[in-house]
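Me: I'm new to this one and would like to go through it slowly. Could you take my questions as they come?

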Amino acid sequence: MKSSDKPIVRINKVTKNFGTVEALRNVSLDVNPGEVVLIIGPSGSGKSTLLRSVNKLENLTSGEIWIDDDLLTHNQSDIRKIREEVGMVFQNFNLFSHLTALENITLAPMVVKKIGKDQAVKIAEDLLARVGLSERAGNYPDQLSGGQQQRVAIARALAMNPKVMLFDEPTSALDPEMIKEVLDVMLQLAKDGMTMLVVSHEMGFARAAADTVVFMDEGEIIEKGTPDEIFDNPREERTKKFLKHIL
Amino acid sequence: MAEIKKTRIEVTDGTLIPGKGEHSVFSAWRIAFFGAIALIIILPVMKPDPYFEILKFIPDGVLATFKVTVLSILLSTLIGLLAGLGRISRITLINRIATVYVEVVRGIPLLVQLFYIYYALGKLVQVPRLTSAVIAMAFCYGAYMGEIFRAGILSIPKGQMEAALALGLTRGQAMRRVILPQTIKVILPPIGNEFIALLKDSSLVSILAVSDLLRRGREYASTSFMYFESYTMVALVYLIITLFLSRIVAIMEERLGRNEK
């Protein structure tokens, strides 16, 4: 039914207003299965808003977003179904502070998917091993470093077995020495074929893992291309100017 | 009680909650607590009549006070949780009902409410005195508890709810499994304060002919004419109970805080 070149995320003419401010202006973007899309742009350019719209943490003013043939509507049960299929990783990790690393991961599978505790724990242990934190299963978020918290947060999102993963500036709240451990996990995820939408300015990750780089400014997509195209030969003036600041 | 948006909320019309640093031998709490215990032992020994007689007379009252307090606490916490959730509800009707309830209750003195509910209930149904006293206390304290629940829920960072929703939980599930468990830690000190305040205010039910601690003391005084002696013992018993409870609240607070560190 689904051919691999059919987009798994279709963002179609999306507009989002906060009062009088236009955060997103007529944005369209397709993401194919297995594609890693990196979104860059100055702060306030709408990149986080776009990402948060994909799992409906933001309501759109107009336009539509399709996830794997399901239209994101206002219907609550549909939104929940979409959210089960779209994992999200936040800038500030947002681990549940009253739960251990393991319990953070088992909560959603048990509550949302009604998976039994034994099976949920097994899934969680496998995922913790995958992000290299098996020995931290019993620790509370406060007892983990930022990098460790973010790796647990990635494992927590993966536990729902999502088709798409969203990363909202996953490394910008981290100390420099912890960035690599998180990026390594993300790189591995990309290699394993996960579809990823990433808001980040990590150029190393972009070169190594991104298939597509999208440059946004003032709520619009200015330019889109492969990492080499965008970073080495940007066509637009605004892209050039922005890249000069961050490179 | 204005809107408080801090992680640690202090609503102080209860007793002083001992600070964590207060571990010296002569802390205020120890002086008050052990002083009261010493008095309640020494007085009856030195002057068995009337002090020992009074001490023998009031245990029934202590039991009634505990009954009213514990039942009111349970019921008012339940009402408070509902009122707090109602106050933050995005459904306008529920929000208004909860807000009006809180405004009305907080605008009427507890003593007046006790009288009012007691006699209003009496017109409708025949309930035991203790039951109507508990309902009146819980109805009033539920409003204060509601404001504490509300402030506590709002003090939890927004990202916690977002993360739960992003994982596919419903709002209700996120509230039950993620937000409320964290809220309880935050609101424990003010709730503990309310419990202690409630225990003290339970003395008001003595006017509803409930034989609580204060009423038993008054009964003894009115037959023996030993007013000063009777109320001395009543005050000491109240003091010992509330100081004891305030220590328990402090210990619970420390325990709950520990697993985060």
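Me: What covers the buried residues of H5(B)?
Reply: This is a predicted model, and in it the cover over the buried residues of H5(B) includes helix H4 (92-106), helix H6 (129-154) and helix H8 (171-201) of chain B.

Me: Which residues of H5(B) are buried?
Reply: In H5(B), the buried residues are Leu110(B), Gln113(B), Leu114(B), Ile117(B), Tyr118(B) and Leu121(B). Looking down the axis of H5(B), those buried residues fall within an arc of 125°, so they line one face of the helix.

Me: And which ones are exposed on the other side of H5(B)?
Reply: Tyr116(B), Tyr119(B) and Lys123(B) are exposed on that other side of H5(B).

Me: Why would residues a few places apart point the same way in an α-helix?
Reply: An α-helix has 3.6 residues a turn, so residues three or four places apart point the same way.

Me: How many residues does helix H5 of chain B have, and what does it reach from its first C-alpha to its last?
Reply: Helix H5 of chain B covers residues 110-124, which is 15 residues, and from its first C-alpha to its last it reaches 21 Å, close to the 21 Å expected at 1.5 Å a residue.

Me: Stepping back, how many helices and strands are there in chain B?
Reply: Chain B has 10 helices and 0 strands, and from the N terminus on its elements run α-α-α-α-α-α-α-α-α-α. Of the 261 residues in chain B, 49% are buried. When contacts in chain B between residues at least 6 apart in sequence are considered, 78% of them join residues at least 24 apart.

Me: How many residues apart along the chain are Pro44(B) and Met233(B)?
Reply: Pro44(B) and Met233(B) are 189 residues apart along the chain, while their C-alpha atoms are separated by 9.7 Å.

Me: Let's move to chain A. How many residues of helix H3 of chain A are buried?
Reply: Helix H3 (residues 101-111) of chain A is mostly covered, with 9 of its 11 residues buried. Among the buried residues of H3(A) are Leu102(A), Ile105(A), Leu107(A) and Val111(A).

Me: What do the buried residues of H3(A) pack against?
Reply: They pack against H4 and helix H5 (146-158) of chain A, together with H8 of chain B.

Me: New topic: how many salt bridges are there over all chains?
Reply: The count comes to 20 salt bridges over all chains. One of them joins the side chains of Lys122(A) and Asp126(A), at 3.3 Å from N to O. Both of these residues lie in helix H4 (residues 117-130) of chain A, 4 residues apart, which is about one turn of the helix, and Asp126(A) is partly exposed, with a relative accessible area of 44%.

Me: Which side chain meets Arg207(A) in a salt bridge at 3.2 Å?
Reply: That is the side chain of Asp228(A), with the 3.2 Å taken from N to O. Arg207(A) lies in helix H7 (residues 203-209) of chain A and Asp228(A) in helix H8 (residues 227-232) of chain A, so the pair ties together parts that are 21 residues apart in sequence.

Me: And where does Asp232(A) come in?
Reply: The side chains of Arg207(A) and Asp232(A) also meet in a salt bridge, at 3.1 Å from N to O. Asp232(A) lies in helix H8 of chain A and Arg207(A) in helix H7 of chain A, so this pair ties together parts that are 25 residues apart in sequence. Arg207(A) counts as partly exposed at 43% relative accessibility, Asp228(A) is partly exposed at 47%, and Asp232(A) counts as partly exposed at 44%.

Me: Which residues do salt bridges that share partners join into one network in chain B?
Reply: They join Asp60(B), Arg215(B), Arg216(B) and Glu219(B) into one network.

Terms used: Residues are numbered from 1 along each chain as its sequence is written. Chains are lettered from A and ligands numbered from 1 in the order in which they are written. This is a predicted model: local features need pLDDT of at least 70, side-chain atom pairs count only at pLDDT 80 or more; totals for chains, interfaces and linings use all residues. Side-chain values use heavy atoms; hydrogens and water are left out. Helices (H or I, at least four residues) and strands (E, at least two) are DSSP runs, numbered from the N terminus. The expected span of a helix is 1.5 Å times one less than its number of residues. Buried means under 20% relative accessible area, exposed over 50%, partly exposed in between (1.4 Å probe, protein chains only). The arc is that of the directions from the helix axis to the C-beta atoms. Contact means heavy atoms within 4.5 Å. A salt bridge is a side-chain nitrogen of Lys or Arg within 4 Å of a carboxyl oxygen of Asp or Glu.
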